[in-house]
Each structure stands twice: as structure tokens, then as C-alpha cells.
Amino acid sequence: MEHFTIATIAEQSPDFRRVLWTGEHSQLVIMTIPEGGEIGEEVHEDVDQILTFVSGVGEARVAGSKRKVVSGDLVVVPAGTKHNFVNTGPNPLVLYTVYGPAEHADKAVHRTKEEADAAEAAGKDEPPTD
């Protein structure tokens, strides 16, 4: 059994992205988006994503729509949908997300967005395969 006090773990992580758990059909990731930062516009062609916000204030940009997000909000991004999440507040925007299937390398830790982008560009952030 894996057990996480997820809000506490997410708020204590200074990393842009940290993979906590990877299973056969899904993956749990925590993220901290710094003030003025963003995840970056992207599309996961074959991956659904569910994001739950723990602290901070931001803006969800999904499929051409924009909406404010705060602690306790949950946003679903179906596979193939263009999306971005932007920190619009004075504090870090902290969230956890579930990907189905996995989107990132198991146990990946990226301290910054730049580090995450570089790992993806170099092919070093690929999800596990069977």
C-alpha cells in the first residue's frame, strides 16, 4: 500500500515537478509553480489528467477557456486537450495531478520548469513502458 498525506507533501516540495508514484495505469505527481510561472501550454495526446490545487491562486487555461483556480479546486483535462496552468498570485501555486496512463519517468524530480523542459527535450522524461 502507498499512503500519502498529499496536501502536506505537495506544500513541502520546492520542486517544479516530482513524481511520487507510478502504477500500471496511472501516475501521481506533485507540482509547485513559482510566482509568475506556468506549466506551459501542452497537449497530452493519449493521457487524461486530473489536477487538484492545494494552495495558491492561478488560472486554468483549458481548450480555449480560462478560469480562476484556488485551493480545493479540481480540473479535468481529457487526452488531446490543449491546456496550461499559470500562477497569478504572490505565492507558489501548489497542486497534485494524476495522469492516466503515466506521462513522466518514474521517480523523476525536476527542480525548475527549465530543468523539466530540458529533460523532456533530451528524451530523459519518458514514462515507463511494459
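**A walk through a predicted model**

Let me begin with Leu-74, which lies in strand S6, the run of residues 74-77. Together with Ile-50, Val-76 and Val-98, Leu-74 makes a nonpolar surface patch of about 320 Å².

From the surface patch, let us turn to the rings. A pair of aromatic rings is described by the distance of the centres and the angle of the planes. This structure holds 1 aromatic pair, and its members are Phe-53 and Phe-85, whose centres are 5.8 Å apart and whose planes stand at 45 degrees, a tilted arrangement. What does the pair tie together? Phe-53 belongs to strand S3 (residues 48-55) and Phe-85 to strand S7 (residues 83-87), so the pair links parts that are 32 residues apart in sequence.

Next come two details of the backbone. Most residues other than glycine have a negative phi, and most peptide bonds are trans. Ala-63, in the loop between strand S4 (57-62) and strand S5 (65-70), has a positive phi, near 55 degrees, although this residue is not a glycine. The peptide bond that joins Gly-100 and Pro-101 is cis, with omega at about -5 degrees, and Pro-101 sits in the loop between strand S8 (93-100) and strand S9 (109-110).

Finally, the largest pocket has a volume of about 200 Å³. Its lining consists of 11 residues, and those nearest its centre are Glu-24, Ala-102, Pro-127, Pro-128 and Thr-129.

Definitions and conventions
Residues are numbered from 1 along each chain as its sequence is written. This is a predicted model: local features need pLDDT of at least 70, side-chain atom pairs count only at pLDDT 80 or more; totals for chains, interfaces and linings use all residues. Side-chain values use heavy atoms; hydrogens and water are left out. Patches are made of residues with over 30% relative accessible area and no salt bridge: like charges are joined within 9 Å, nonpolar side chains (Val, Leu, Ile, Met, Phe, Trp, Tyr) within 5 Å. Accessible areas come from the Shrake-Rupley method with a 1.4 Å probe; for residues, only the protein chains shown count as cover. A salt bridge is a side-chain nitrogen of Lys or Arg within 4 Å of a carboxyl oxygen of Asp or Glu. Helices (H or I, at least four residues) and strands (E, at least two) are DSSP runs, numbered from the N terminus. On a 1 Å grid over the protein atoms alone, a cavity is a set of points where a 1.4 Å probe fits but cannot get out, and a pocket is an open set with protein on both sides within 12 Å along at least five of seven lines; lining residues have an atom within 4 Å of a point. Grid points are joined across faces, edges and corners, and a volume is the space filled by probe spheres set on the points. Rings of Phe, Tyr and Trp (its six-membered ring) pair if their centres lie within 6.5 Å; planes under 30 degrees apart count as stacked, over 60 as edge-to-face and the rest as tilted.
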